[in-house]
Amino acid sequence: VFHSPLLHTFATEQPWLSGLVRQELSALLDAQAKSITSQRLYGAMTAQGTYNLRVLTLGQESIERDGKPISMSDWRATSAREMFLYLLFNGAQTREGFSLTFWPDSSVKQVRSNFHTTLYRARQALGENVIVFYDDLYFINPDVECTADAAEMKQLAAQARLMPPRDARTEDLWRHAAHLYRGDFLPSLDDDWVLPLREQFQELYIEALVGVGACARARGDLREAVSAYKRALRVDPYREDIHRAILTCYGQKGEKKKIAHHLQQLQELLWQELAVKPSAETVALARSLLH
């Protein structure tokens, strides 16, 4: 209510709202006023608190604080932004943990200076209440609503794995997960801690596309299934399990020429790029579908 005065005005002017609603809104305003007074008396806040953060990391990078983008100049140093992102995707950390990641070759004195300077700049950009310290650990304040496209993608995939392909909700989950992936995780960074996550989200994107293909195949849309599988192969063209899924779709459609052509393309790709032949499982599947 404190941040949306129009809501209070609207609520109090509507005759159809019950007295209890207006009473509760007034109570919230009173509580907020007392909280502000307390903060001023005890100096609990040195800067305006943050209520929500929106973080985009897949193919594009942006961080919004209460709906407003945080510019690079607001961070004053890229290390401050990286500190926040590291906390967000790796969980609570000690100061020593930060030091080993960001300043492994610096002296103890230099590390201490770098750490406190970086933490100060991160809090200035994000809000004083975002990164908190408790029991020797620094972490993102759980009271701050923080949403990230990468975290949402993981959550959607975790839900989809538990559901059967024939369920329409499963396909929706996989499609939503695939839609969130617009490119590499944090493309502007090449730090050691970023690279495993980048690979992880790329694999998750492939899994989402394969999931879409499996769902389309389950409902009999073989053309859509092949399209999804081929999108996955554009990311990793050497996945023979996906090639076998495409061959199976062609087999269900009775398209033997496409089976033979796809097998030939796979053989050429693997030999030219890796100097290997398709696995016995792939060859056996293709032969069974051709007969």
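Reader: Is Thr50 buried or exposed?

Author: Buried means under 20% relative accessible area, exposed over 50%, and partly exposed in between (1.4 Å probe, protein chains only). Thr50 has a relative accessible area of 3%, so Thr50 is buried. Please note that this is a predicted model, in which local features need pLDDT of at least 70 and side-chain atom pairs count only at pLDDT 80 or more, while totals for chains, interfaces and linings use all residues. Residues are numbered from 1 along each chain as its sequence is written, and side-chain values use heavy atoms, with hydrogens and water left out.

Reader: Where is the place of Thr50 in the chain?

Author: Helices (H or I, at least four residues) and strands (E, at least two) are DSSP runs, numbered from the N terminus. Thr50 has its place in the loop between α2 (19-42) and β1. The secondary structure of the chain comes to 13 helices and 6 strands.

Reader: With which side chain does the side chain of Thr50 make a polar contact?

Author: A polar contact is a pair of N or O atoms within 3.5 Å; within protein, one must be able to donate a hydrogen and the other to accept it, and residues adjacent in sequence count only if both atoms are side-chain atoms. Here the side chain of Thr50 makes such a contact with the side chain of Arg65, at 2.8 Å.

Reader: Which residues does Thr50 touch, not counting residues up to four places away in sequence?

Author: Contact means heavy atoms within 4.5 Å. On that basis, Thr50 touches Arg65, Asp66, Leu126, Gly127, Asn129, Val130 and Val144. For the chain, residues 24 or more positions apart account for 58% of the contacts with a separation of 6 or more.

Reader: Where does Leu87 lie, and with which residues is Leu87 in contact?

Author: Leu87 lies in helix α4 (residues 78-90). At 3% relative accessibility, Leu87 counts as buried. Leaving aside neighbours within four places in sequence, the contacts of Leu87 are Ala92, Gln93, Phe98, Ile131, Tyr138, Phe139 and Ile140. One of these, Tyr138, is 51 residues from Leu87 along the chain, yet their C-alpha atoms are separated by 8.0 Å. Of the 291 residues of the chain, 38% count as buried.

Reader: How many salt bridges does a search of the whole structure find?

Author: A salt bridge is a side-chain nitrogen of Lys or Arg within 4 Å of a carboxyl oxygen of Asp or Glu. The search finds 13 salt bridges. In one of them the side chains of Arg81 and Glu61 meet, with 2.1 Å from N to O. This pair links distant parts of the chain, 20 residues apart: Arg81 is in helix α4, and Glu61 is in the loop between β1 (52-56) and β2 (62-65). Arg81 is buried, with a relative accessible area of 9%, whereas Glu61 is partly exposed at 25%.

Reader: Which residues do salt bridges that share partners join into one network?

Author: Let us begin with two of the pairs. The side chains of Arg219 and Glu171 meet in a salt bridge of 2.9 Å, N to O. Arg219 lies in the loop between α9 (194-218) and α10 (222-235) and Glu171 in helix α8 (residues 168-180), so the pair ties together parts 48 residues apart in sequence. Arg175 forms a salt bridge with Glu224, the closest N and O atoms being 3.0 Å apart. This pair links Arg175 in helix α8 with Glu224 in helix α10, 49 residues apart. Through shared partners, salt bridges join Glu171, Arg175, Arg219, Asp221 and Glu224 into one network.

Reader: How many aromatic pairs does a search of the whole structure find?

Author: Rings of Phe, Tyr and Trp (its six-membered ring) pair if their centres lie within 6.5 Å; planes under 30 degrees apart count as stacked, over 60 as edge-to-face and the rest as tilted. The search finds 13 aromatic pairs. The rings of Tyr86 and Phe98 have centres 6.0 Å apart and planes at 55 degrees, so this pair is tilted. Both Tyr86 and Phe98 are buried. The rings of Phe115 and Tyr138 have centres 5.1 Å apart and planes at 70 degrees, so that pair is edge-to-face. Ring pairs link Tyr86, Phe98, Phe102, Trp103, Phe115, Phe133, Tyr138 and Trp193 into a cluster.
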